[in-house]
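Here is a short briefing to read with the model open beside you.

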Amino acid sequence: TLKVTWLRGEREALTKRYTDNVELYNLYLLGRHYCNKFTPGGFAKSLECYEQAIRKDPTYALAYAGAAEAILFRVFFDNSPPLDVIPTAKAYVARALELDPYLAEAHAAAGLLELNQGAYPDHDSAIRHLRRALELNSSLIDARNWLSISLLMNGQDDEAMSVLLDAIAIDPLNPVLLLNLSARYHREGQLELARRQILKVFDLPDAPGWAWDWMAGIEKSAGR
């Protein structure tokens, strides 16, 4: 019989409820909703929701992790100057981990933060945090995505692709995952495969605007 040995706090991390306050949790879910639109306005609304939750309960660790994520997503998708926003995201990540070191979302946000350290991202630290996030909650698709990016940037190409394909198998209609797979194919010169991934994004009910920009880049590379 397999016997599982839990480190102190890990069992609670897997079973606890993050808050009994329905209003706070709804603000968190609303923040996730807006963030998943992957638009500048969506990221701004998402941050508003998380910061509103933090004002209502300064000990709500999940909201700090979400706020950091919303800020860092702007860096990826909105070209927000990193030096203007990274210190705030860093403070939110530190507070989330201080409040709950077993919060998977906090480790995921910490990993994303390490990827956004300007010209000198700490890939090893990012990978450690993202692996830890998935140990605590294997269902975090964002953590899988960022882990794939971290591994690729760290020269671990095969594992990066494996992690990305595993994430897509779990969430096949996630536009960010499809974009990253398209980017991988584009970089390898497999332009038709890159194009097919973006076509899948266009089939989604609310295809993000950046998908058109990405498709234009693929068509340009193909000489069309």
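Helix H2 passes H3 in a left-handed crossing, where left-handed means that the near helix is turned anticlockwise from the far one by less than a right angle, and right-handed that it is turned clockwise. This is a predicted model, in which local features need pLDDT of at least 70 and side-chain atom pairs count only at pLDDT 80 or more, while totals for chains, interfaces and linings use all residues. Residues are numbered from 1 along each chain as its sequence is written, and side-chain values use heavy atoms, with hydrogens and water left out.

**The chain as a whole**

- The protein chain has 12 helices and 0 strands; helices (H or I, at least four residues) and strands (E, at least two) are DSSP runs numbered from the N terminus.
- Along the sequence the pattern reads α-α-α-α-α-α-α-α-α-α-α-α.
- Of the 224 residues in the protein chain, 47% are buried; buried means under 20% relative accessible area, exposed over 50%, and partly exposed in between, with a 1.4 Å probe and protein chains only.
- The protein chain exposes about 11800 Å², of which carbon and sulfur atoms supply 53%; accessible areas come from the Shrake-Rupley method with a 1.4 Å probe, and for residues only the protein chains shown count as cover.
- Among contacts between residues at least 6 apart in sequence, 56% join residues at least 24 apart, a contact being heavy atoms within 4.5 Å.

**H2 against H3**

- Two packed helices are described by the angle between their axes and the distance between the axes.
- Helix H2 (residues 22-35) and H3 pack at about 165°, with axes 7 Å apart; axes are lines fitted to C-alpha atoms, for helices over the stretch in contact, and angles run from 0 to 180 degrees between N-to-C directions.
- H2 and H3 are therefore roughly antiparallel to each other; angles under 35 degrees count as roughly parallel, over 145 as roughly antiparallel, 65 to 115 as roughly perpendicular and the rest as oblique.
- Residues of H2 that meet H3 include Leu-24, Leu-27, Tyr-28, Arg-32 and Cys-35, and among their H3 partners are Phe-43, Ser-46, Cys-49, Tyr-50 and Ala-53.
- The contact of H2 with H3 divides into 10 nonpolar, 4 polar and 4 charged residues; Ala, Val, Leu, Ile, Met, Phe, Trp, Tyr, Cys and Pro count as nonpolar, Asp, Glu, Lys and Arg as charged, and the others, Gly among them, as polar.

**The loop between H2 and H3**

- Phe-38 sits in the loop between H2 and H3.
- Phe-38 has a positive phi of about 55° although it is not a glycine.
- Is Phe-38 buried or exposed? Phe-38 counts as buried, because its relative accessibility is 6%.

**H3 against H4**

- Helix H3 (residues 40-56) packs on H4 at an angle of about 160°, with the axes 8 Å apart.
- H3 and H4 are therefore roughly antiparallel to each other, and their crossing is left-handed.
- The contact includes Phe-43, Leu-47, Tyr-50 and Ile-54 of H3, and Tyr-64, Glu-69, Ile-71, Phe-73 and Phe-77 of H4.
- By class, 12 nonpolar, 2 polar and 2 charged residues form the contact of H3 with H4.

**H4 against H6**

- H4 and helix H6 (residues 104-115) pack at about 25°, with their axes 9 Å apart.
- That angle makes H4 roughly parallel to H6, and the crossing of H4 and H6 is left-handed.
- Leu-62, Ala-65, Glu-69, Leu-72 and Phe-76 are among the H4 residues that meet H6, where the partners include Ala-106, Ala-109 and Leu-112.
- The contact of H4 with H6 has 10 nonpolar, no polar and 2 charged residues.

- Glu-69 lies in H4 (residues 61-77) and is buried, with a relative accessible area of 8%.
- Which residues touch Glu-69, leaving aside its neighbours within four places in sequence? Glu-69 is in contact with Arg-32, Cys-35, Tyr-50, Leu-112, Asp-142 and Trp-146.
- Glu-98, in helix H5 (residues 82-99), counts as exposed at 57% relative accessibility.
- The C-alpha atoms of Glu-98 and Ala-61 are separated by 8.4 Å, with the two residues 37 apart along the chain.
- Asn-180, in helix H10 (residues 175-187), counts as buried at 18% relative accessibility.
- Leaving aside neighbours within four places in sequence, Asn-180 is in contact with Asn-145, Ile-149 and Leu-164.
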